[in-house]
Amino acid sequence: MYEGVVQDLIEELGQLPGVGPKGAQRIAFFLLSADPADVKRLAAVLVEVTERVKFCRVCFNVAEDDECRICKDARRDPSVCVVEEPKDVAAIEKIREFRGRYHVLGGAISPIDGVGPDDLRIKELMTRLADSSVTEIILATDPNLEGEATATYLARMIKPMGLRVTRPASGLPVGGELEYADEVTLGRAFEGRRLLDV
Ligand SMILES: [Zn+2]
């Protein structure tokens with residue numbers, strides 16, 4: 001539709017989640033009319049994150065080192081909270097109700113989207129649980145269909161290991177995503193977490 005590099009920019013922006021062709025055009029022309037210094041700063045940050053940010057080799061949260069600051073913190077409790085995405089770690093950390101460590105799955109089981117257990121970091125979770133002193137697993141996947149299915153799947157795998165498996169209490173917006181729950185609701189859900197029967 002446009003020539004050369006402008007079209008390249010629109011196509012690249014169109015790859016981003018939540019940005020359709022129209023949005024990509026709007027952002028492209030915003031960038032073209034913006035102060036070049038601002039755009040260069042954005043470009044520099046994009047390069048910097050690709051070079052500097054890694055994923056923690058233990059929990060797969062974003063990290064600037066081989067291990068994230070939470071995994072490195074010796075004062076953390078011997079419990080593991082399983083979440084779908086790094087943004088969920090940020091949401092739970094904000095409420096200060098949970099003092100254990102995390103495991104980021106990288107999504108949820110969703111046959112419709114072609115996501116099976118092997119596409120998530122479940123094997124890594126099992127390995128982690130097999131040789132550590134973890135006492136409780138909190139399955140804090142999203143309170144929607146995929147998140148519930150993933151929690152049930154994991155509970156069935158983990159329970160035979162003799163660990164306490166819990167899920168945050170109901171009260172979270174059903175069908176929604178964890179990160180959209182307000183802090184009070186999320187805090188209560190963690191406080192009132194219940195044992196999972198599978
Ligand atoms: Zn970590």
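Tutor: Let's start with a definition: a residue is buried if its relative accessible area is under 20%, exposed if over 50%, and partly exposed in between, tested with a 1.4 Å probe on protein chains only. Our model is predicted, with local features needing pLDDT of at least 70 and side-chain atom pairs pLDDT 80 or more, while totals for chains, interfaces and linings use all residues. Residues are numbered from 1 along each chain as its sequence is written, and side-chain values use heavy atoms, without hydrogens and water.

Student: What makes Phe60 count as buried?

Tutor: Its relative accessibility is 15%, and the cut-off is under 20%, so Phe60 is buried. Phe60 sits in the loop between strand E1 (54-55) and strand E2 (62-63). Its phi is near 70°, a positive value in a residue other than glycine. Most residues other than glycine have a negative phi.

Student: How do you know what to call a helix or a strand?

Tutor: Both are DSSP runs numbered from the N terminus: helices are H or I with at least four residues, strands are E with at least two. On that basis the protein chain has eight helices and seven strands. Its C-alpha trace spans about 60 × 35 × 35 Å along the principal axes, and of its 198 residues, 39% count as buried.

Student: How do you know how confident the predictor is in this chain?

Tutor: We look at pLDDT, the predictor's confidence in each residue on a scale from 0 to 100. The mean for the protein chain is 90, and 96% of its residues reach 70 or more.

Student: What makes the four cysteines donors of the zinc ion?

Tutor: A donor is an N, O or S atom within 2.8 Å of the metal (3.2 Å for Na, K and Ca), and sites may look incomplete because water is not among the atoms. The SG atoms of Cys56, Cys59, Cys68 and Cys71 coordinate the zinc ion at 2.2 to 2.4 Å, and along the sequence these residues are spaced C-x2-C-x8-C-x2-C. Cys68, at 4% relative accessibility, counts as buried, and so does Cys71, at 9%.

Student: What makes us say that the buried residues of H8 line one face?

Tutor: In H8, Leu186, Gly187, Ala189 and Phe190 are buried. Seen down the helix axis, they fall within an arc of 160°, so they line one face; the arc is that of the directions from the axis to the C-beta atoms. Val184, Arg188 and Glu191, on the other side of H8, are exposed.

Student: Which residues are buried in helix H1?

Tutor: In H1 (residues 4-14), these are Gln7, Ile10 and Leu13. They fall within an arc of 130° seen down the axis, so they too line one face of the helix. On the other side of H1, Val5 and Glu12 are exposed.

Student: How do you know whether Arg96 is buried or exposed?

Tutor: Its relative accessible area is 72%, and exposed means over 50%, so Arg96 is exposed. Arg96 lies in the loop between helix H5 (86-95) and E4, and its phi, near 55°, is positive although the residue is not glycine. The C-alpha atoms of Arg96 and Ile109, 13 residues apart along the chain, are separated by 28 Å.

Student: What makes the pair Arg76 and Glu93 a polar contact?

Tutor: A polar contact is a pair of N or O atoms within 3.5 Å; within protein, one must be able to donate a hydrogen and the other to accept it, and residues adjacent in sequence count only if both atoms are side-chain atoms. The side chains of Arg76 and Glu93 are joined at 2.8 Å, so the pair qualifies. Arg76, in the loop between helix H4 (69-72) and strand E3 (79-83), counts as buried at 9% relative accessibility.
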